[in-house]
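Please read it with the sequence and the structure open beside you.

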Amino acid sequence: MKRKPGVDIPEEWRGVLAHRDPAEAGAAAGRFVASGLTPAQVRDTLADGGDGLYAAARTEGPGWAEPFGGQLGVALLAAEVSAFAAHLSSRAARVRAVAVNQLLDDLSAVTVADRLGVSRQKVYDLARNDQAAPYIDTVPWRQP
């Protein structure tokens, strides 16, 4: 059976993995399901930014990984926190690019660079990052 990106994502995973490219979200959901993790576990881990995972890992006590589905579950959840952080970083870079492009409408690249504390070349690099992509509108900890 051919997979249809964005369509083959089980409904209960769509919101949890909204930060993922639809072509990857279905496979990610499949890995979570195969390891016994639920959408609620992934949602909770993303909502606390991985704090629970980190606190548990620091104890290194026997069974520390069990509440998170064992070592495999921990590895998958930690990777998802990383994917989510990368998504937020890309979203912030997009916002910065839009702002820099608008600044360049009124100011020279040298002035913008001075005000941002970066090189003139960096201003041009930032402005080139003005690519629209599907980003989440609201982070999980702000959603109802």
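How many salt bridges does a search of the whole structure find? The answer is four, where a salt bridge is a side-chain nitrogen of Lys or Arg within 4 Å of a carboxyl oxygen of Asp or Glu.

1. Basis of the note. This is a predicted model, in which local features need pLDDT of at least 70 and side-chain atom pairs count only at pLDDT 80 or more, whereas totals for chains, interfaces and linings use all residues. Residues are numbered from 1 along each chain as its sequence is written, and side-chain values use heavy atoms, with hydrogens and water left out.

2. Salt bridges within helices. Glutamate 11 pairs with arginine 14 in a salt bridge whose closest N and O atoms are 3.1 Å apart; both residues lie in helix α1 (residues 11-14), three residues apart, or about one turn of the helix. Helices here are DSSP runs (H or I, at least four residues), numbered from the N terminus. Glutamate 11 is exposed, with a relative accessible area of 59%, while arginine 14 is partly exposed at 31%; buried means under 20% relative accessible area, exposed over 50%, and partly exposed in between (1.4 Å probe, protein chains only). In helix α7, aspartate 125 and arginine 128 are likewise three residues apart, about one helical turn, and their salt bridge has its closest N and O atoms at 2.4 Å. Aspartate 125 is partly exposed, with a relative accessible area of 34%, and arginine 128 is exposed, at 53%.

3. The side chains of arginine 20 and glutamate 80 form a salt bridge (2.8 Å, N to O). Because arginine 20 lies in the loop between α1 and α2 and glutamate 80 in helix α5, the pair ties together parts that are 60 residues apart in sequence. Both arginine 20 and glutamate 80 are buried, and salt bridges that share partners join Arg20, Glu24 and Glu80 into one network.

4. The largest nonpolar core. A nonpolar core is a set of buried Ala, Val, Leu, Ile, Met, Phe, Trp, Tyr and Cys residues joined through side-chain atoms within 4.5 Å. The largest such core has 23 residues, and those with the most contacts inside it are Trp13, Leu17, Phe32, Val42, Phe68, Val74 and Leu77. At least two of its residues come from each of α2 (22-34), α3 (39-47), α4 (51-59) and α5 (70-106), with α5 giving the most, five residues. Leaving aside neighbours within four places in sequence, leucine 17 is in contact (heavy atoms within 4.5 Å) with Ala25, Ala28, Ala29, Phe32 and Glu80. Apart from this core lies another, of seven residues, among them Val100, Ala113, Val123 and Ala127.

5. Packing of α7. Within helix α7 (residues 120-128), Val123, Leu126 and Ala127 are buried. Seen down the axis of α7, its buried residues fall within an arc of 95°, so they line one face of the helix; the arc is that of the directions from the helix axis to the C-beta atoms. These buried residues pack against α5 and α6 (109-116).

6. The crossing of α6 and α7. The axes of these two helices come within 8 Å and cross at roughly 95°, which makes α6 roughly perpendicular to α7 (65 to 115 degrees). Axes are lines fitted to C-alpha atoms, for helices over the stretch in contact, and angles run from 0 to 180 degrees between N-to-C directions. Ala109, Val110, Val112, Ala113 and Leu116 in α6 meet Arg120, Val123, Tyr124 and Leu126 in α7.

How values were computed: Angles under 35 degrees count as roughly parallel, over 145 as roughly antiparallel, 65 to 115 as roughly perpendicular and the rest as oblique.
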